[in-house]
Amino acid sequence: MNTSDYRATLLVDKTPEEVINAINNIRGWWSEEMEGSAEKSNDVFTVRFGEVYITMKIVELIPGQKIVWQVIDCNKPWLKNKKEWNGTKISFEVSKKDDKTQIRFAHLGLVPEVECFEVCSNAWTDYLQGSLFKLVTTGKGKPTPMKKTANAK
């Protein structure tokens with residue numbers, strides 16, 4: 001375990017099952033532009049943010065306790081290494097802590113030595129504290145909205 005990986009912890013007044021359901025609702029907290037499925041082991045899904053995309057596979061799933069996604073492809077066009085996230089893992093561990101549920105998040109491989117660390121860490125903080133937390137606690141997150149096309153009204 002690398003202690004310099006980006007990590008965050010949230011505490012919420014919901015059950016572990018409610019928290020896992022919220023995490024799996026990627027369109028509800030991360031990006032409305034999502035393709036694929038993120039419900040069971042080996043599911044593959046892609047989230048998009050304009051030119052940026054991240055494709056992940058669910059590599060570990062313990063119902064009510066843990067979800068781990070592995071990045072299998074990505075495009076981050078502003079970086080020298082546009083595929084910098086490839087091979088990294090995004091982990092959510094959910095457990096009871098006193099009368100609350102604790103979410104322990106880690107982006108394994110997002111370390112200070114990589115170009116994206118500062119920008120990506122700040123983005124994770126915003127998505128976790130400003131969107132996932134709100135989705136879990138109020139039922140409404142703040143995901144990145146789907147881009148409107150020129151033909152859309």
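## Contacts and overall fold

Among the contacts of the protein with a separation of 6 or more, 49% are made by residues 24 or more positions apart. The structure discussed here is a predicted model, and its secondary structure consists of three helices and seven strands. Read from the N terminus on, these elements follow the order β-α-α-β-β-β-β-β-β-α. The radius of gyration is 15 Å, close to the 15 Å that the globule rule gives for 153 residues, so the protein is as compact as a globular protein of that length.

Taken along the principal axes, the box filled by the C-alpha atoms has dimensions of roughly 45 × 45 × 30 Å.

## Surface, burial and charge

Of the 153 residues of the protein, 43% count as buried.

As for charge, the protein carries 22 positive and 20 negative side chains, and a distance of 4 Å separates the centres of the two sets.

## Strand β5 and its two partners

Strand β5, which spans residues 66-75, is mostly covered, in that seven of its ten residues are buried. With strand β4 (residues 52-62), β5 forms an antiparallel pair joined by nine bridges, and within this pairing lysine 57 has glutamine 70 of β5 as its bridge partner. The hairpin of β4 and β5 has three residues between the strands, and glycine 64 in this hairpin adopts a positive phi near 75 degrees.

Strand β5 also runs antiparallel to strand β6 (residues 89-97), to which five bridges join it. In this second pairing, the bridge partner of tryptophan 69 is isoleucine 90, a residue of β6.

## Phenylalanine 92 in strand β6

Strand β6 also holds phenylalanine 92. Because its relative accessible area is 0%, and residues under 20% are classed as buried, phenylalanine 92 is a buried residue. When neighbours within four places in sequence are left aside, the residues in contact with phenylalanine 92 are Ile23, Trp29, Gln65, Lys66, Ile67, Trp69, Ile103, Arg104, Phe105, Leu128 and Leu132. Tryptophan 69, which is one of these contacts, is also the residue whose bridge partner in β6 is isoleucine 90.

A further distance can be given for phenylalanine 92: its C-alpha atom is separated by 17 Å from that of serine 4, a residue 88 positions away along the chain.

The relative accessibility of asparagine 42 is 53%, and because residues over 50% are classed as exposed, asparagine 42 counts as exposed.

Definitions and conventions: Residues numbered from 1 in each chain as written. Predicted model: local features only at pLDDT ≥ 70, side-chain atom pairs only at ≥ 80, totals over all residues. Heavy atoms only, no water. Helix = DSSP H or I, 4+ residues; strand = E, 2+ residues; numbered from the N terminus. Rg over C-alpha atoms; globule rule 2.2 N^0.38 Å. Buried < 20%, exposed > 50% of the residue type's maximum accessible area, 1.4 Å probe, protein only. Contact = heavy atoms within 4.5 Å. Lys, Arg positive; Asp, Glu negative; His and termini not counted. Charge placed at Lys NZ, Arg CZ, Asp CG, Glu CD. Pairing = 2+ DSSP bridges.
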